Amino acid sequence: MSSTVVTGISELVTCAGPDGATPVTDRSLPAAERLGVVRDAAVVVEDGRVAWVGPAVEAPAADDALDVGGRAVVPGFVDSHSHLVFAGDRSAEFAARMAGTPYDGGGIGVSVAATRAATDDELRGLLAARVADARALGTTTLEVKGGYGLTVEDEVRSLRLAREVTDETTFLGAHVVPPEAREDRAAYLDLVTGPMLAACAPLARWVDVFCEPNSPHAFTGEEARRVLLAGRDAGLGLRVHGNQLGPGPGARLAVGLGAASVDHCTFLDDTDVDDLAAAADTTVATLLPGVEFSTRMPYPDARRLLAAGVSVALASDCNPGTCNTASMPFVVALAVRELRMTAAEALVAATVGGARALRRDDVGRVAVGARADLAVLDAPGHEHLAYRPGMPIARALELD
Ligand SMILES: N=CN[C@@H](CCC(=O)O)C(=O)O
Ligand SMILES: [Zn+2]
């Protein structure tokens, strides 16, 4: 068993209370207090876990030392929503959107065709490069969805590849009805909830569905409910893409079924917000502002959600259509600038919030017993994440 003391930390943001407990469920605490800042700090790591946290002058001895040179250290980002298994390019669709064409999910079929045509090694290489990019920008936990295969074999392949990089894999056979199945939605739903689910469930922790009555390609509330119930019967946890393109049943469905998260949450009515607030210990509202940046859609109303007591996470949603970036620092900067979250709220949402959305308490905070997943900022404090947008100031701390 070897230990390392990390020193030279100007500002350590633990996202945990002084006792190491995560006060995220205590919504009476202002986010700034939830940050749990220790100045001139040290962290001792033993076998991949945090063994001690506190002021550097009190740090116990360790086998090795690593000086981060007066930088800030924060919990590694927990990106609880990504679609990293895909091939192909939709930059032309992006350009058309910037010129005024609205997003409706139809372009997903383009990525499905390219993904099906790619070899395992091509997909594996693309996925590895995206994971490396995310890690280079401070992400240490990643959820990865399938959803660009949409046949039994292609969804199994996507999840098998995703499993090579993370345990947080999500079955998304109900991303859209694929082009070849458009004449018979019912048959496609039978496939997704039957043989496709059976083949994919052993490779997945979660099931997700694009519940969006405002898109002809995605699924209605009733269809989404069927997918989620089948996934739950197969032992999977529930996640929902909801209320992205217009008002809809996604948030209601997620809360009603006890889903871990409903993601996007742009078009919520008062009942949705009340429901999410009442379900804050169960269902997280995950905001994906990179999507609104890349689709020119309105941003979700984070202040309304926070004021109501909703549990909020931030994630990248990195995908080839609506947001082709896995940069969590960029997401945090957008959250501060466009969603009017404070720097503290945004950091909490991108760490503890993501962990809650994945029902994890071993990541997203720097506390004794948690995984030693740390991000170093090339900056004296966490505010620089938003203050210096687009700069590569965060990276996952490599301890080996
Ligand atoms: N909305 C559904 N799925 C993705 C977009 C997928 C795509 O356009 O390729 C999202 O979360 O935004
Ligand atoms: Zn998504």
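Is Arg296 buried or exposed, or something in between, judging by the other C-beta atoms within 10 Å? Keep that in mind while you look around; please note that this is a predicted model.

**The whole chain**

Start with everything shown as a cartoon. The chain has 14 helices and 15 strands. Its C-alpha trace spans about 70 × 45 × 45 Å along the principal axes. A compact globule of 400 residues would have a radius of gyration near 21 Å, and the chain, at 20 Å, agrees with that. Of the 400 residues, 55% count as buried. Among contacts with a separation of 6 or more, 72% are between residues 24 or more positions apart.

**Residues 73-379**

Now colour residues 73-379. UniProt, in an unreviewed entry, gives this span the feature "domain: Amidohydrolase-related".

**Strands S1, S2 and S3**

Next, select residues 3-13, which are strand S1, and residues 37-46, which are strand S2; the two run antiparallel and are joined by eight bridges. Show Ile9 and you will find Ala41 of S2 opposite. Val44 has Trp52 in S3 as its bridge partner.

**Around ligand 1**

Select ligand 1 and the 13 residues around it; those that come nearest are Ile108, Phe210, Asn319, Gly321 and Thr322. Which classes make up this shell? Eight of the residues are polar, four are nonpolar and one is charged.

**Two asparagines**

Go to Asn214, in the loop between strand S9 (206-211) and helix H7 (221-233). Asn214 counts as partly exposed because it has 14 C-beta neighbours inside 10 Å. Leaving aside neighbours within four places in sequence, its contacts are Leu245, Gly246 and Gly248. Now draw a distance from Asn214 to Asn243: they are 29 residues apart along the chain, and their C-alpha atoms are separated by 9.0 Å.

Asn243 sits in the loop between strand S10 (237-242) and helix H8 (250-256). Asn243 counts as buried, because 27 C-beta neighbours lie inside 10 Å. Check its backbone too: phi is near 55°, a positive value in a residue other than glycine. Most residues other than glycine have a negative phi.

**Helix H12**

Select residues 328-337, helix H12, where nine of the ten residues are buried. Among the buried ones are Met328, Phe330, Val332, Leu334 and Val336.

**Back to Arg296**

Finish with the residue we began with. Arg296 is in the loop between helix H10 (289-295) and helix H11 (302-308). Arg296 is partly exposed, because 13 other C-beta atoms lie within 10 Å. Its phi is positive, about 55°, although Arg296 is not a glycine.

Technical notes. Residues numbered from 1 in each chain as written. Chains lettered and ligands numbered in written order. Predicted model: local features only at pLDDT ≥ 70, side-chain atom pairs only at ≥ 80, totals over all residues. Near = placed C-beta within 6 Å. Nonpolar A, V, L, I, M, F, W, Y, C, P; charged D, E, K, R; others polar. Pairing = 2+ DSSP bridges. Helix = DSSP H or I, 4+ residues; strand = E, 2+ residues; numbered from the N terminus. Rg over C-alpha atoms; globule rule 2.2 N^0.38 Å. Buried ≥ 20, exposed ≤ 12 C-beta atoms within 10 Å, placed from the backbone. Contact = placed C-beta atoms within 7 Å. UniProt positions renumbered as here; feature names shortened; annotations may be inferred.
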